[in-house]
Amino acid sequence: MKRILKILALLVLLGTAGTWLATGANRGWTKTSQQVKTLDPVTGIEGITYEPKFLPGVDFLAVGVFGTLVLGGASLFVRSKTNNH
Amino acid sequence: MKLSHLIVLTGLLTSVATRLQAATETFDFKDPKGVNNAVFKLDAPLESINGSASGITGTVVFDPENPGALTGKIVVASESLMVPNPLQKEHLHGTNWLDVTTYPEISFVSKSFANVQTAGNVTTGDITGTFTLKGVSKEITTPVKLTYLKDKLSARVPSLKGDLLVLRANFTINREEYNIQPGQYEDKVSPTIDLSLSIAGAAIQP
């Protein structure tokens, strides 16, 4: 059990950091949509629309680190299996 | 005065009046293509907030031969203000910030247009008017650039004929003056808001 918790903590940390880095290491808050700019050729105005896109931010990273600490901390309170043989 | 002279004079006056009326056009800024937008930026020491609004309506009366006579009103639907973070958007629309339910419109009504300069189809000048945000109205003056695109409406909307007027303006307001959390959270939400308006209006010809 102790080992499982430690592995889970590591997976959560790697998963969170990996996702954050892979999606562009956004240093702002998590975004669920992204601006898309299109140029109107007649007026020269740059139109702005939003398309759904998940861009994890520092809050996502913080939740991941917190989860890692909780799992890692919990593993400290679980006794290791002792082999009596 | 003979009757024939009176008829000729009436004809001339009617002709002049028709020409004057024809020169003045009313541009509708409700964009069928949904391109018109107002961009807002708040750059605080700890956080930068960028967003835009698309719900733009209003009319501008513009005479390309007398640009200084410009009048009009532009309205932005508060509900259309958008930021990419859903929680931030909820806060922005909420009662503590813009309170979009109570104050559904942000508007600008022109009063005067000064320092007008025209080069080709581009007119620049300083427009003064009443800017209303969250129920608070203040008189502001901002530089504006107008581009008159004669007979270009069909290039944008093939089924319609007419002219286009592109209006661009950049100005800064202080949120404290509009009772938007005055003096609060200034490290995260900048007290100054940079606004950038890029909109096109159409004057449809029958």
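A:L69 lies in helix α2 (residues 58-76) of chain A; helices (H or I, at least four residues) and strands (E, at least two) are DSSP runs, numbered from the N terminus. The model is predicted, so local features need pLDDT of at least 70 and side-chain atom pairs count only at pLDDT 80 or more, while totals for chains, interfaces and linings use all residues. Residues are numbered from 1 along each chain as its sequence is written, and chains are lettered from A and ligands numbered from 1 in the order in which they are written.

**A:L69**
- A:L69 counts as partly exposed because it has 13 C-beta neighbours inside 10 Å; a residue is buried with 20 or more other C-beta atoms within 10 Å of its own, exposed with 12 or fewer, and partly exposed in between, C-beta atoms being placed from the backbone.
- Between A:L69 and A:T30 there are 39 residues in sequence and 21 Å in space, C-alpha to C-alpha.

**Strand pairing in chain A**
- β1(A) and β2(A) pair in the antiparallel sense over eight bridges, where pairing requires that DSSP finds at least two bridges between two strands.
- A:P52 in β2(A) is the residue opposite A:S33.
- The hairpin of β1(A) and β2(A) has six residues between the strands, and A:G44 takes a positive phi near 80 degrees there.

**Interface of chains A and B**
- The contacts involve 16 residues of chain A and 18 residues of chain B; two residues are in contact if their C-beta atoms, placed from the backbone, lie within 7 Å.
- On the side of chain A that touches chain B, β1 (31-39) and β2 (46-55) each supply at least two residues.
- β1(A) gives the most to that side, with five residues.
- The residues of that side divide into five nonpolar, eight polar and three charged; Ala, Val, Leu, Ile, Met, Phe, Trp, Tyr, Cys and Pro count as nonpolar, Asp, Glu, Lys and Arg as charged, and the others, Gly among them, as polar.

**Chain B**
- Chain B has three helices and eleven strands, in the sequence order α-β-β-β-β-β-β-α-β-β-β-α-β-β.
- Of its 206 residues, 30% are buried.
- Among contacts in chain B with a separation of 6 or more, 56% join residues 24 or more positions apart.
- The largest nonpolar core has 42 residues, and those touching the most other members include B:F27, B:L165 and B:A200; such a core is a set of buried Ala, Val, Leu, Ile, Met, Phe, Trp, Tyr and Cys residues joined through C-beta atoms within 7 Å.
- Strand β11 (residues 192-204) of chain B provides the largest share of this core, six residues.
- Not counting residues up to four places away in sequence, B:L165 touches B:F27, B:V60, B:F62, B:L146, B:Y148, B:A200 and B:G201.
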